[in-house]
Amino acid sequence: LNVDDFIQSTMGALAQDGTQYCLPYFAATVIMYYQIDIFEEAGITEPPTTFEELLEVAAKVHTEEIPAIAMRGRPGEAGNIWHWTMFLLGEGGSYFEDFPNDFTPTVNSEDAISGTEVYAELMMNYSLPNAADAVYDDVVIAMQQGNVAIAIEGAPLGGRILNPEQSRVIGNLGFAVVSGGDGG
């Protein structure tokens with residue numbers, strides 16, 4: 001076992017005061033998938049890098065036939081917490097005042113509220129029908145079938161999106177880092 005083979009941040013999450021209590025068994029990243037032809041038709045030459053740009057792109061590409069974006073919306077373990085957290089942290093918010101020293105909740109801070117507003121605007125105005133109940137299967141299938149312009153989803157799910165027996169977006173799919181806010 002070579003502990004240097006593990007992502008250090010995941011190792012740190014499972015350690016306390018210099019003692020490693022367990023090893024990570026799962027770590028995944030989230031990326032932005034987008035349909036290149038939809039972006040080109042809207043005159044978009046690069047994927048959005050900020051939340052402001054993401055909202056602008058969503059407004060440009062959104063139609064009733066092809067919504068702008070798909071993200072998880074269902075509350076719970078495999079749902080919206082994964083996606084909402086990107087907006088929380090992206091705007092500079094956090095869950096706690098000073099983790100692990102001060103567990104005072106800070107999800108009502110200006111930064112947290114700003115991140116929530118961006119997430120909510122995308123979900124309410126530019127997302128799939130029933131977006132508030134979407135799970136990763138809904139997001140993956142929507143992008144795989146070409147039924148959405150942008151999907152923010154786990155990188156490991158790219159294999160399903162590009163499954164040659166089911167995908168309608170092979171050769172038309174772009175990949176980018178998820179947009180960020182003032183917090184990164």
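Visitor: Which exposed residues sit on the face of α3 turned away from its buried side?

Guide: Glu52 and Lys60. This is a predicted model, with pLDDT of at least 70 needed for local features and 80 or more for side-chain atom pairs, while totals for chains, interfaces and linings use all residues. Numbering starts from 1 along each chain as its sequence is written, and side-chain values use heavy atoms, without hydrogens or water.

Visitor: What makes a residue buried or exposed?

Guide: Relative accessible area decides (under 20% is buried, over 50% is exposed, in between is partly exposed; 1.4 Å probe, protein chains only). In α3, residues 51-61, the buried ones are Phe51, Leu54, Leu55, Val57, Ala58 and Val61.

Visitor: How do you know that the buried residues of α3 line one face?

Guide: Look down the helix axis. The buried residues fall within an arc of 165°, so they line one face. The arc is taken from the directions between the helix axis and the C-beta atoms.

Visitor: What does that buried side pack against?

Guide: Its partners are β3 (30-35), α2 (36-41), β4 (69-70), α4 (80-90), α5 (110-125) and β7 (150-154). Contact means heavy atoms within 4.5 Å.

Visitor: Why is threonine 85 called buried?

Guide: Its relative accessibility is 15%. The limit is under 20%, so threonine 85 counts as buried. This residue is in helix α4. Neighbours within four places in sequence aside, threonine 85 touches Asn80, Gly90 and Tyr95.

Visitor: And why is tryptophan 82 called partly exposed?

Guide: Tryptophan 82 has 35%. That lies between 20% and 50%, so the middle class applies. Tryptophan 82 is also in α4.

Visitor: Which residues make the nonpolar surface patch?

Guide: Tyr25, Phe26, Ile81 and Trp82, with about 510 Å². Members need over 30% relative accessible area and no salt bridge; nonpolar side chains (Val, Leu, Ile, Met, Phe, Trp, Tyr) are joined within 5 Å, like charges within 9 Å. Trp82 is at 35%, so it passes the 30% cut-off. Areas come from the Shrake-Rupley method with a 1.4 Å probe.

Visitor: How do you know that β3 and β7 pair?

Guide: Pairing takes at least two DSSP bridges. β3 and β7 have 5 and run antiparallel, so they qualify. β3 also joins β8 (173-177) through 5 antiparallel bridges. Tyrosine 34 has a bridge partner in each: isoleucine 150 in β7 and glycine 174 in β8. As for cover, 5 of the 6 residues of β3 are buried.

Visitor: What makes β4 and β8 edge strands?

Guide: The open sheet has 4 strands in the order β4-β7-β3-β8, with mixed pairing. β4 and β8 each pair on one side only. β4 meets β7 in parallel through 2 bridges, and isoleucine 69 has isoleucine 150 as its bridge partner in β7.

Visitor: Why do glutamate 153 and arginine 72 count as a salt bridge?

Guide: The definition asks for a Lys or Arg side-chain nitrogen within 4 Å of an Asp or Glu carboxyl oxygen. Here the closest N and O atoms are 2.5 Å apart, so the pair passes. Glutamate 153 lies in β7 and arginine 72 in the loop between β4 and α4, so the bridge ties together parts 81 residues apart in sequence. Both residues are buried.

Visitor: How many salt bridges are found in the whole structure?

Guide: 3. One of them joins aspartate 133 and arginine 74 at 2.8 Å. Aspartate 133 is partly exposed at 41%, and arginine 74 is partly exposed at 35%. Another joins aspartate 137 and arginine 160, also with 2.8 Å from N to O. Aspartate 137 is in helix α6 and arginine 160 in helix α7, 23 residues apart.

Visitor: What makes the backbone at aspartate 17 worth a note?

Guide: Its phi is positive, about 50°, and the residue is not a glycine. Most residues other than glycine have a negative phi. Aspartate 17 is in the loop between β1 and β2. At 73% it is over the 50% limit, so it counts as exposed.

Visitor: Which two residues does the cis peptide bond join?

Guide: Phenylalanine 99 and proline 100, with omega about 0°. Proline 100 is in the loop between β5 and β6.
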